[in-house]
Amino acid sequence: MTKIALILGTTRSSSLGAQIFSYLKHQFPNTADVTYTWLDLRDYPLPFYDHPETPLDRPISQPTATEKAWLDQLAAQDGYVILSPEYDHAIPGGLKNALDSVGGQVDHKPVQVVTYSHYSDGGMLAAASVVPILQMLKMFVLPTPVLLWNADQNFTAEGTLRPDVANSDHFAQRLRDALAEVTFYSRLLKAHPYHA
């Protein structure tokens, strides 16, 4: 069984990301081979990171209950998809703070980046900004991010994709391909883990 976590990287109460997240939930139910875990950062109200440890060197010795729940969920997965908006040419602060608590839980596991935007760049700079963070966490970042541009009209609050809106077919195909790719590498690396 391959376990993939999809992470909604915004904490806004009403967001385009929540609509895309809902769409993905409808499109990718669990199968006999793959289990998806849906991690919404709003369900993990993490404090600003303020521990003496650097998680890449030493695990947090006294995590809060919320931090422990977040890190336990990450540790249980074989691969990840991070869904993020672009805020001021970068990922949101809440997502960066959530990643700051992470250490060995994601070591040498694959991750696919999906960004979205109200504008024509599709969150390209957010995707670029998160890559070095994920690489620092020793994750395998898949080479081509999914960029969803001008996407406000494509996704509904009910988790559907409007077929009559420009780019909907392309978005649907890119998301299918992205999930297939991260699943492939998650299976491969789980079967053949890296040992230093």
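The largest pocket holds about 230 Å³ of space, a pocket being an open set of points on a 1 Å grid over the protein atoms alone, with protein on both sides within 12 Å along at least five of seven lines. Of the 16 residues that line this largest pocket, Pro85, Glu86, Tyr87, Ser117 and His118 are the closest to its centre, where lining residues are those with an atom within 4 Å of a point. The model is predicted, with local features needing pLDDT of at least 70 and side-chain atom pairs counting only at pLDDT 80 or more, while totals for chains, interfaces and linings use all residues. Residues are numbered from 1 along each chain as its sequence is written, and side-chain values use heavy atoms, with hydrogens and water left out.

**Pockets**
- By class, five nonpolar, seven polar and four charged residues make up the lining of the largest pocket, with Ala, Val, Leu, Ile, Met, Phe, Trp, Tyr, Cys and Pro counted as nonpolar, Asp, Glu, Lys and Arg as charged, and the others, Gly among them, as polar.
- The second largest pocket has about 150 Å³ of space, and its lining consists of Asp78, Asp107, His108, Lys109, Ser186, Leu189, Lys190, Pro193 and Tyr194, which divide into three nonpolar, two polar and four charged residues.

**Cavities**
- There are two cavities of 30 Å³ or more, a cavity being a set of grid points where a 1.4 Å probe fits but cannot get out, and a volume being the space filled by probe spheres set on the points, which are joined across faces, edges and corners.
- The largest cavity, of about 50 Å³, is lined by Ile7, Trp70, Leu74, Tyr80, Ile82, Leu99, Val102, Val106 and Met139; helix H2 (65-75) and strand E3 are the elements that give two or more residues to this lining.
- The lining of the largest cavity has nine nonpolar residues, with no polar and no charged ones.
- The second largest cavity, of about 30 Å³, is lined by Leu46, Pro47, Tyr49, Glu67, Asn97, Ala98 and Ser101, of which four are nonpolar, two polar and one charged.

**Overall fold**
- The chain has five helices and six strands, taken from DSSP runs numbered from the N terminus (helices H or I, at least four residues; strands E, at least two), and from the N terminus on the elements run β-α-β-α-β-α-β-α-β-β-α.
- Because its radius of gyration of 16 Å is close to the 16 Å that the globule rule gives for 196 residues, the chain is as compact as a globular protein of that length; the radius is taken over C-alpha atoms, and the rule is 2.2 Å times the number of residues to the power 0.38.
- Of the 196 residues, 46% count as buried, meaning under 20% relative accessible area, with exposed over 50% and partly exposed in between (1.4 Å probe, protein chains only).

**Helix H4 and tryptophan 149**
- In helix H4 (residues 124-136) the buried residues are Ala126, Ala127, Val130 and Leu134, and their cover includes strand E3 (79-85), helix H3 (93-100), strand E4 (110-116), strand E5 (140-141) and E6.
- Tryptophan 149 lies in the loop between strand E6 (146-148) and helix H5 (168-191), and counts as partly exposed at 24% relative accessibility.
- Not counting residues up to four places away in sequence, tryptophan 149 touches Ser117, Tyr119, Ser120, Asp121, Gly122, Asn167, His170 and Phe171, contact meaning heavy atoms within 4.5 Å.
- The C-alpha atoms of tryptophan 149 and aspartate 121 are separated by 5.8 Å, although these residues are 28 residues apart along the chain.
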